[in-house]
Amino acid sequence: MRAEFEAMCNSDHRKVTLILFCFAIMIAIVAPGGSNFLIAGAIMVDMNHRSHEAGAVRDDYDKRIGSICLFGNGLTSAFNLVGVCIIAIAGDVIDLARDYGDEECGDLSRSQEWAEKCAAKQIGGYFSLMFLVFSMLSPFVMAAMYSRQPTLMAKLRDMRHDWPVLLLCGTVYATVQFLCAWLVGPELVCLLAAGLALLTYYAFIQ
């Protein structure tokens with residue numbers, strides 16, 4: 001798998017976007033709780049060790065990879081493992097929705113299961129709406145975290161040739177995340193959003 005990733009990346013920024021953004025988030029549906037970023041981070045560390053001799057530079061990149069994994073895990077935690085966090089919260093708040101007369105999810109004529117699914121869709125939709133712009137810019141944030149340039153402006157100049165693919169992947173991810181969470185529910189958000197971002201990346205480099 002490492003060889004396939006290397007063949008698809010001609011810069012560090014694209015490598016971070018492909019592996020630590022698209023791939024890591026996509027496999028969150030089956031490897032939740034940070035283990036998805038552990039897998040993707042291990043691939044990145046292996047590539048880093050093959051690219052740099054042992055020393056301060058390689059160690060610095062390893063630390064940056066770890067920081068990006070922590071950032072990515074925070075970005076996607078709500079929708080990990082078929083949206084289990086949001087579904088659990090929905091089960092806790094549905095009684096409040098009924099107590100306060102929510103016209104959609106608080107309908108007493110509906111079953112508890114339907115009401116919880118309705119609440120999960122609402123919570124996931126609002127969460128994805130709040131994170132819309134942040135999710136869109138996340139590939140830039142991850143690429144900037146990996147860059148060893150000393151200032152933010154220097155980092156942006158360093159990645160200027162990759163701006164189109166970073167923005168495209170971020171936009172596809174954020175848009176699909178919002179639409180899927182709002183219209184379908186939280187279960188398949190990571191898989192669909194990151195999977196389509198990965199396909200978009202592949203189409204871009206062809």
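Rings of Phe, Tyr and Trp, the last represented by its six-membered ring, are taken to pair if their centres lie within 6.5 Å, with planes over 60 degrees apart counting as edge-to-face. By this rule the count in this predicted model comes to 10 aromatic pairs. One of them joins Y126 and W182 in an edge-to-face arrangement, with 5.1 Å from centre to centre and 85° between the planes. Because Y126 belongs to helix α6 (residues 112–130) and W182 to helix α9 (residues 163–183), the pair ties together parts that are 56 residues apart in sequence. The two partners have the following accessibilities.

| Residue | Relative accessible area | Class |
|---|---|---|
| Y126 | 48% | partly exposed |
| W182 | 34% | partly exposed |

Elsewhere among the aromatic residues, F71, F79, F127, F131 and F134 form one cluster.

The protein chain as a whole contains 10 helices and 0 strands, and its C-alpha trace spans about 65 × 30 × 30 Å along the principal axes. Of its 206 residues, 45% count as buried, and among contacts between residues at least 6 apart in sequence, 69% join residues at least 24 apart.

Helix α2 (residues 12–26) has 15 residues and, at 1.5 Å a residue, should span 21 Å, which agrees with the 20 Å between its end C-alpha atoms. Since 14 of the 15 residues of α2 are buried, this helix is largely enclosed by the rest of the structure.

Terms used:
Residues numbered from 1 in each chain as written. Predicted model: local features only at pLDDT ≥ 70, side-chain atom pairs only at ≥ 80, totals over all residues. Heavy atoms only, no water. Helix = DSSP H or I, 4+ residues; strand = E, 2+ residues; numbered from the N terminus. Expected span 1.5 Å × (residues − 1). Buried < 20%, exposed > 50% of the residue type's maximum accessible area, 1.4 Å probe, protein only. Contact = heavy atoms within 4.5 Å. Phe/Tyr/Trp six-rings, centres within 6.5 Å; stacked < 30°, edge-to-face > 60°.
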